[in-house]
Amino acid sequence: MNSASNKKIILHIDPDPRITNLLKKVSMHYHTHIVRVSSGQEGLYLIKEIQPHLIISEFHTTDLDGRSLLHKFMNDIEFGEYRHIPFLFLSDQETRTKYSKICFDLGLMGWFSKPFSDRELGEILENFIMANEINRKNRNLRQEVKRSEYRYRDLLENVNDFIFRLDDKGRFSDLNNRFHSLTGWEKDKWLGEKFLSLIDPADRPSASEHYQMAYQGRARIFEAKILGNSNRSSMLSFNISPIIERGKIVGSIGIARDVTEQKKMEREILDLKNFNESIIQSMEAGLLTTDLEGHITSLNAGGEKILGWKARSVIGKQIKSVLKPEEVAFLLSKSPLPGTLPYSRETELTIKTGKKIAIGFTTTNRINNQRKKVGTIISFRDISQLKQMQSEVIRMDRLASLGVLASGIAHEIKNPLAGIKTMAQACDEEFDENDPRREYLTRIVRQVNRLDDLLKTFFAYARPKPPNRKQHQLSEILREVITLVSKRLTNSGITYHENFHPDIPKLMIDSQQFQQVFLNLILNAVEAMPSGGTLTISANRIGKSEKGIIQRNNKSKNKFMNGSHVEIIVSDTGTGIDYDKLETIFDPFFTTKSNGTGLGLSIVYRIVEEHQGDIRVESRIGSGTSFKITLPTGD
Ligand code: ADP
Ligand code: MG
């Protein structure tokens, strides 16, 4: 076949061999092979057989004339695939004039009238051979283009993405098959329709903005809901890029993917995340998480409240820089019990204010999807209130048993003391008026009286009388106490302030016992201010409406939550009390004074308790102490 060799095959249909010789001579340099036949029929047959590059025919062959030869070649189906082969006629001038129009109309490529010179024939051949070559290449290229167009069309039509083209006015000029399955619309009906008409009206403004930008030459990715046929609607992610031809934007091409399911899942995950977060944020317990390097990765609202740190100020920081390193070491240490269940432990933490608080906590590993440890979760509770309550219970226990003991001993002492006193008084009567020994007896009696006073205090503590409750105005009870101590106050250089709210109601209290309460507190204050200072006693009524405040102050005790109450504060600017002694000052016999009994505050404590009240202390070394008593108003 001709394609195997590079030879150009020329089919020469001519009864006269002379032209063939001439052809051979002029085409010597072109690597040609010339096949000559005399008959037109035979020529037609050979076309299929040898597939020549050029057909040169004498108009008059032995059988067919040029017209019917050309007609057959141009019109018979069997020559369809050879019709690109250039066909030339040779004849005398007369024939050419007569038939050239009709033959050129049929598709003839050229006509040469005899006679012609070698050179003319040579040039003609060369031109045709070259033209033919170019044609063949073009044809191949065209076929290649067609084939790849088909390939791409096929690809575009059948991909799972929706692919479309918009013209410069934003109208669909091309839509692939996916359009139909996605929207339910017939795609032909949408050709020429505006892109924006497909978008849900709610998403139109933003979609419009994005695709306008594509028309300014930038590729855009955005999401929008589309309106499908019969209530079908999907969320698509669009990617629209401009089509630029010779520097001008002539339209755009878009690829869109159905992200409805993905969006739904995203929303579900988000919902779940929000749900989890709201649980974590709303719980009272603190939750702190760290990564493997010990950086804090989260702190919930409960944790913020307990530690006093805001999450945003600690996230990203080393936990050791926020809490004390030795505390952190304990928090993160392995719990001594093996097993997977979180094990609850207790410790003390130094919070932002520098205060130490007691917490109960559990430490667990944070695990990722691959079940690998990625950090630590510490969950903790503020148990200082609980601790305080526990110690109150212990103290009350101790008070009770000490009370029994003390009252027994006191009794045993009281009787002999009475004996001593009577004897001393009897002796006194025996001596002369000026007898110096009488002085000894006075001293004995004085010391006995002191012991007696002490015993009375003991009894007040150990065998308290049940309160004899009547309606009393607090300010009046206080007035009597102040009259008693006013001299001591001035002598010690202490300024006294009283700050009573005008509408403090009368309270059902034992006035004697409350005198004792005030007296004990005031004396302690005076003793704490040896070189002067200020003593302030204030009272306020806290109504039901301010429950919130009460709740915050008395988290552990909600005995005041359902009614109004009165708050009495006795504060001084004295020495203050050590933090670690605050716990014990209410204990009986706890004293820091050389001549103290250590009973004052324990009596105060019990009286307040018996009136269903509550007492708290706040103190700072060097700046003073305040005692806060809370009493129910009874309404
Ligand atoms: P006493 O006064 O006999 O020592 P209290 O029970 O009245 O016994 O007080 C116990 C201790 O509490 C005192 O010794 C003192 O250390 C401390 N204390 C009480 N009130 C105050 C105060 N206002 N300022 C400083 N320390 C106080
Ligand atoms: Mg005292």
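A salt bridge is a side-chain nitrogen of Lys or Arg within 4 Å of a carboxyl oxygen of Asp or Glu. These legends show a predicted model, in which local features need pLDDT of at least 70, side-chain atom pairs count only at pLDDT 80 or more, and totals for chains, interfaces and linings use all residues. Residues are numbered from 1 along each chain as its sequence is written, chains are lettered from A and ligands numbered from 1 in the order in which they are written, and side-chain values use heavy atoms, with hydrogens and water left out.

**View 1. Glutamate 304 pairs with lysine 310.** The two form a salt bridge, and their closest N and O atoms are 3.8 Å apart. Lysine 310 is partly exposed, because its relative accessibility is 43%. (Buried means under 20% relative accessible area, exposed over 50%, and partly exposed in between, with a 1.4 Å probe and protein chains only.) The whole structure holds 25 salt bridges.

**View 2. Aspartate 452 forms a salt bridge with lysine 414.** Here the closest N and O atoms are 3.4 Å apart. Aspartate 452 sits in helix H15 (residues 437–462) and lysine 414 in helix H14 (residues 384–430), so the pair ties together parts 38 residues apart in sequence. (Helices, H or I of at least four residues, are DSSP runs, numbered from the N terminus.) Aspartate 452 is partly exposed at 22%. Lysine 414 is partly exposed too, at 29%.

**View 3. Aspartate 428 forms a salt bridge with arginine 438.** The closest N and O atoms are 3.0 Å apart. Aspartate 428 belongs to helix H14 and arginine 438 to helix H15, 10 residues apart. Relative accessibility is 26% for aspartate 428 and 25% for arginine 438.

**View 4. Aspartate 203 is buried without a salt bridge.** Its nearest side chain of opposite charge is lysine 225, 6.8 Å away. (Lys and Arg count as positive, Asp and Glu as negative; His and the chain ends are not counted.) Aspartate 203 lies in the loop between helix H7 (187–190) and helix H8 (204–214). Beyond neighbours within four places in sequence, aspartate 203 is in contact (heavy atoms within 4.5 Å) with Ala224 and Lys225.

**View 5. Helix H17 (residues 511–528) packs with helix H19 (residues 600–610).** The angle is about 145 degrees, and the axes are 9 Å apart. (Axes are lines fitted to C-alpha atoms, for helices over the stretch in contact; angles run from 0 to 180 degrees between N-to-C directions.) Residues making the contact include Phe514 and Leu521 of H17 and Ile603 and Val604 of H19.

Note on methods:
Helix = DSSP H or I, 4+ residues; strand = E, 2+ residues; numbered from the N terminus.
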